[in-house]
Amino acid sequence: MPIKTPPKDGFEANVPVVVIGAGAAGICAALAAHELGVEVAVLERDSVPRGSTALSAGLIPAAGTRFQAAVGIGDSPALFVADLKHKARDQADPALVELVAQQAGPTVEWLADRYAFPFSVVHDFDYPGHAARRMHGLPSRSGVELIDRLRQAVDACGIPLIVNATASALYADANRAVRGVEIVRPDGTRDALGCDALILACNGYGGASDLVASYIPEMRDAAYFGHPGNRGDAVLWGEELGAKLEHMPGYQGHGSVAHPHGILISWAVIMEGGFQVNTAGARFSDESLGYSEQAATVLAQRDGIAFDIFDERIAAIARQFADFRQAEASGAVIEAPTLERLAARLNVPLPALAQSLAEIEDARRTSNPDRFGRRFPGTALAPPFKAVKVTGALFHTQGGLKVDREARVLDINGEQLPNLFAAGGAAAGVSGPRADGYLSGNGLLTATVLGRIAGQAAAALVKQDTMIDASPK
Ligand SMILES: Cc1cc2nc3c(=O)[nH]c(=O)nc-3n(C[C@H](O)[C@H](O)[C@H](O)COP(=O)(O)OP(=O)(O)OC[C@H]3O[C@@H](n4cnc5c(N)ncnc54)[C@H](O)[C@@H]3O)c2cc1C
């Protein structure tokens, strides 16, 4: 992605803070900058902002919130820090982990209090790796609702959200300060917009197959389930400006995407006592470790296929998710009154499927771990049985531009670039360099928290520069 020299005669228009990307990160950044009285504009490639945010379940993890307290959940940022560190095997930046864990609660409550987002906690099942129930979502439990509410908030504030506007190049001076953005329109016309600070909120590189092949070879042939417009622009610009890239092989995968329907099947079906078998009817892993690492594990099975097996009690819990309801409506969720009928419908050998079920029921009864180390507390599965044919997919990348506690992009020597910020998938996350470091919700965690921080810090920088410019010489 090109970095150009700023035009000699300046830009036709200037906005103090420009944000590239109108997903959760970009919109949170814009709202936060606007609150501080700084003019801000958001550039978005699509005609209607959606991003990966719209594809998600819209769940944001946060610890110690009033929403948790309301349903009697005890939690704290310190517990959250411990979970993040444990999942990422201590490979994520500890300062960033502390920051996002501390600020997640205030960020969720900020959206609730200032913009009337009706959050509630998912309190009827556990997400892998979280010691407390802390996933906060909107009534539909869908990212479409999250992005629509964010867009409405931006509109209500009168913040310009410029759609059909792909940022195609940055203008930077010899000191690596970004002076503006080149915008290309769908008809090929180009504009240049000047800025005093730039926030990169254009997510990672999941939509750039060449970058995926080079940084994440294990996902080279996997389906990409995120937003196709996320093509690694932030990383490419950052690299040109000498920014440090961190944890580039890190990613969020998912081992439960209905095939061939392409619908996310909530991991609730597994965490509540369901399990996965391959086309031979055999178990192959401890599914409870996490859905992200399970993507590669499922893809390693014959034809890259597995079956989620659960029952009606579990389906009733999963039905809170719009995706699951859509999967049922599309015929992706198969039901059978007996295990025999289920095996026949899935075309898997009955003896192997029966053996798999017997194994997990034995582990449940005895409270011993199964041969993969998984424990099965709770209620036995009961007919009618349910199943979904699933595959593994790449959801989004977790590596990106290294940022500090103000979401400022750092260079390879650890120095701040003069006026460049990054948030969400554009920034290196808190999952470390591997898929199994991804704790549920890490995506929207850094999108919303770092987005808000980036907006605040960019606004503060611009105000400070204005004061210096205006001070007596
Ligand atoms: C199926 C699925 C389910 C998920 N579920 C969850 C979940 O429940 N909880 C969770 O925490 N995370 C989840 N995630 C991850 C989460 O969606 C992302 O981490 C998060 O949405 C990233 O937000 P963002 O603002 O950085 O990027 P996005 O929401 O992708 O927004 C980036 C925007 O930038 C725009 N853009 C890109 N390049 C340019 C350019 N050059 N010029 C102009 N615009 C540009 C794009 O069009 C896009 O609108 C899920 C992801 C997927 C795919």
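The model is predicted: local features need pLDDT of at least 70, side-chain atom pairs count only at pLDDT 80 or more, and totals for chains, interfaces and linings use all residues. Residues are numbered from 1 along each chain as its sequence is written, and side-chain values use heavy atoms, without hydrogens or water. Helices (H or I, at least four residues) and strands (E, at least two) are DSSP runs numbered from the N terminus.

**Cores**

- A nonpolar core is a set of buried Ala, Val, Leu, Ile, Met, Phe, Trp, Tyr and Cys residues joined through side-chain atoms within 4.5 Å.
- Buried means under 20% relative accessible area, exposed over 50%, and partly exposed in between (1.4 Å probe, protein chains only).
- The largest nonpolar core holds 112 residues, and Ile-20, Leu-150, Leu-198 and Leu-200 have the most contacts inside it.
- Helix α15 (residues 442-470) gives this core its largest share, twelve residues.
- Another core, of 49 residues, lies apart from it and includes Leu-59, Val-277, Leu-357 and Leu-381.
- Contact means heavy atoms within 4.5 Å. Leaving aside neighbours within four places in sequence, the contacts of Ile-20 include Leu-43, Val-181, Leu-198 and Trp-237.

**Helix α8**

- Asp-233 sits in helix α8 (residues 233-240). Asp-233 is buried, at a relative accessible area of 8%.
- Not counting residues up to four places away in sequence, Asp-233 touches Met-1, Arg-45, Ala-167 and Cys-202.
- The buried residues of α8 are Asp-233, Ala-234, Val-235, Trp-237 and Gly-238. They pack against strands including β2 (13-20), β8 (166-172) and β10 (190-200).

**Helices α1 and α5**

- Helix α1 (residues 24-35) packs on helix α5 (residues 94-115) at an angle of about 60°, with axes 13 Å apart. Axes are lines fitted to C-alpha atoms, for helices over the stretch in contact; angles run from 0 to 180 degrees between N-to-C directions.
- Cys-28, Leu-31, Ala-32 and Glu-35 of α1 meet Trp-110, Arg-114 and Tyr-115 of α5.

**Backbone**

- His-259 and Pro-260 are joined by a cis peptide bond, with omega about 10°. Pro-260 is in the loop between β13 (251-258) and β14 (263-264).
- Asp-90, not a glycine, has a positive phi near 60°. Asp-90 is exposed, at 59% relative accessible area.
- Ala-407 also has a positive phi, about 65°. Ala-407 is buried, at 0% relative accessibility.
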